[in-house]
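Hi,

Here is the structure I promised to pass on. Have a look, and my notes follow below.

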Amino acid sequence: MVSAYLKDDSLNYLPVVKAVVHSPLKKKVVELAIDTGFHGGILIPLRTYVELEFNLFEEPKVIAQTAVGGKVELRASKALIEIDGFRTLCSVYTTLGVRKSLLGREVLRKIGLLYKPPTKVELEP
């Protein structure tokens with residue numbers, strides 16, 4: 001079973017998992033927010049992408065469509081991602097302006113992770 005937790009991000013409570021992201025040369029533990037609206041594997045900030053040296057193993061750039069319909073060019077590579085003992089290859093993307101690392105449906109589907117939001121939300125007085 002994959003352990004996910006809710007992170008209080010200004011009371012939006014992001015569902016987050018910790019993963020080890022492996023490039024061909026390096027690895028790093030990264031907090032990934034589960035984003036069921038993201039079709040790809042993982043999206044990470046440019047700084048993390050370069051730190052893990054994915055830029056040395058890039059594939060052709062891809063064009064992505066944002067939730068509001070805009071188009072953005074993404075740098076792309078391949079990563080091995082490990083979450084609670086589950087390991088899978090996936091696409092890794094970045095572009096300028098990415099602030100949060102995201103885990104998309106490509107990985108969720110491969111490892112069989114189903115996100116069920118809390119059924120009860122309690123507000124503190």
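Buried here means under 20% relative accessible area, with exposed over 50% and partly exposed in between (1.4 Å probe, protein chains only). Phe38 and Tyr93 are both buried. Keep in mind that this is a predicted model, where local features need pLDDT of at least 70, side-chain atom pairs count only at pLDDT 80 or more, and totals for chains, interfaces and linings use all residues. Numbering runs from 1 along each chain as its sequence is written, and side-chain values use heavy atoms, without hydrogens or water.

Now the rings. There are two aromatic pairs (Phe, Tyr or Trp rings, the six-membered one for Trp, with centres within 6.5 Å; planes under 30 degrees apart are stacked, over 60 edge-to-face, the rest tilted). Phe38 and Tyr93 are edge-to-face, because their centres are 6.3 Å apart and their planes at 75°. Phe38 sits in the loop between β3 (27-34) and β4 (42-43) and Tyr93 in strand β7 (residues 86-94), so this pair ties together parts 55 residues apart in sequence. (Strands are DSSP runs of E, at least two residues, numbered from the N terminus.) Tyr49 and Phe54 make a tilted pair, at 5.6 Å centre to centre and 40° between the planes. Tyr49 counts as buried because its relative accessibility is 0%, and Phe54 is buried at 0% as well.

Cheers

Key:
Helix = DSSP H or I, 4+ residues; strand = E, 2+ residues; numbered from the N terminus.
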